[in-house]
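This short report goes with the sequence and structure shown below. Please look at them before reading on.

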Amino acid sequence: MAKPYYQAPFDFKRFFEKKELKKISMRESISQFISIIITTYFEEYAFDEGFGSEIWETDFDLLVNANVLKEQIKKSLKNQIETYEKRLSNIDLNVELMETLSSNTNKVRLKKYLFITIKGTIIKTDEPFIFKGDYYLAPLSYKH
C-alpha cells in the first residue's frame with residue numbers, strides 16, 4: 001500500500017474528531033516540504049539546527065550585490081534540498097532576485113522578492129518534477 005501524504009498545516013481539529021484528513025499527492029508533498037525548507041530559518045527546528053534556509057540569514061542584508069546574494073542562496077538551497085528531500089534526484093535550482101512596487105494606504109514601497117525554480121526527478125516514479133515559488137525579502141513572506 002502506498003504511503004499517504006498529508007497537507008500541512010496538519011488539521012488537529014479533524015484529527016481529534018477522528019475525521020478523515022486531507023491527503024495530497026507525493027508531488028504536492030515534495031513541493032510542500034521544499035516550501036517548509038525555504039521558510040524555516042536555521043536553528044528554528046530544535047531537533048536539527050542545520051535544517052532551514054540561508055534566505056533568513058540574508059533577509060535584511062539587501063545591500064549585498066544581487067548576484068552574490070542569488071548565488072549564496074542558490075548554493076545553500078540546493079545543498080539543503082539534496083540533504084533533506086530524499087525523494088528527488090538530479091536537482092537543478094534557479095534563483096532570480098526581482099523587485100515589485102507595493103502600495104499600502106498612501107505609501108508606495110519597492111519590495112524585493114525571490115523567484116525560485118527547482119527542477120529534478122522524482123526517484124520513485126522517475127518523473128520530472130518542477131517547483132516554482134515567490135518569496136518576499138525583508139521580512140520574508142509569500143508572494144500571493
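Setting aside its neighbours within four places in sequence, I118 is in contact with I34, I81, I91, D92, L93, F129, I130 and F131. These contacts come from a predicted model. I118 also belongs to the largest nonpolar core, a group of 26 residues, and is among the members that touch the most others, along with I34, I38, I55, L114 and I116.

| Element | Residues |
|---|---|
| helix α2 | 26-39 |
| helix α4 | 66-84 |
| strand β3 | 88-104 |
| strand β4 | 107-122 |
| strand β5 | 127-136 |

In soluble globular proteins, nonpolar side chains tend to be buried together.

The chain as a whole has four helices and six strands, which follow one another in the order β-α-β-α-α-α-β-β-β-β. Of its 144 residues, 33% are buried. When contacts between residues at least 6 apart in sequence are considered, 46% of them join residues at least 24 apart.

The surface comes next. Y6, F10, F12, F15 and F16 make a nonpolar surface patch of about 540 Å². Helix α1, residues 12-16, gives the most to the patch, with three residues.

Notes: Residues numbered from 1 in each chain as written. Predicted model: local features only at pLDDT ≥ 70, side-chain atom pairs only at ≥ 80, totals over all residues. Heavy atoms only, no water. Core = buried A, V, L, I, M, F, W, Y, C linked by side-chain atoms within 4.5 Å. Buried < 20%, exposed > 50% of the residue type's maximum accessible area, 1.4 Å probe, protein only. Helix = DSSP H or I, 4+ residues; strand = E, 2+ residues; numbered from the N terminus. Contact = heavy atoms within 4.5 Å. Patch = residues over 30% accessible without salt bridge, like charges linked within 9 Å, V, L, I, M, F, W, Y side chains within 5 Å. Areas by Shrake-Rupley, 256 points an atom, 1.4 Å probe, with all protein chains shown as cover. Salt bridge = Lys/Arg side-chain N within 4 Å of Asp/Glu carboxyl O.
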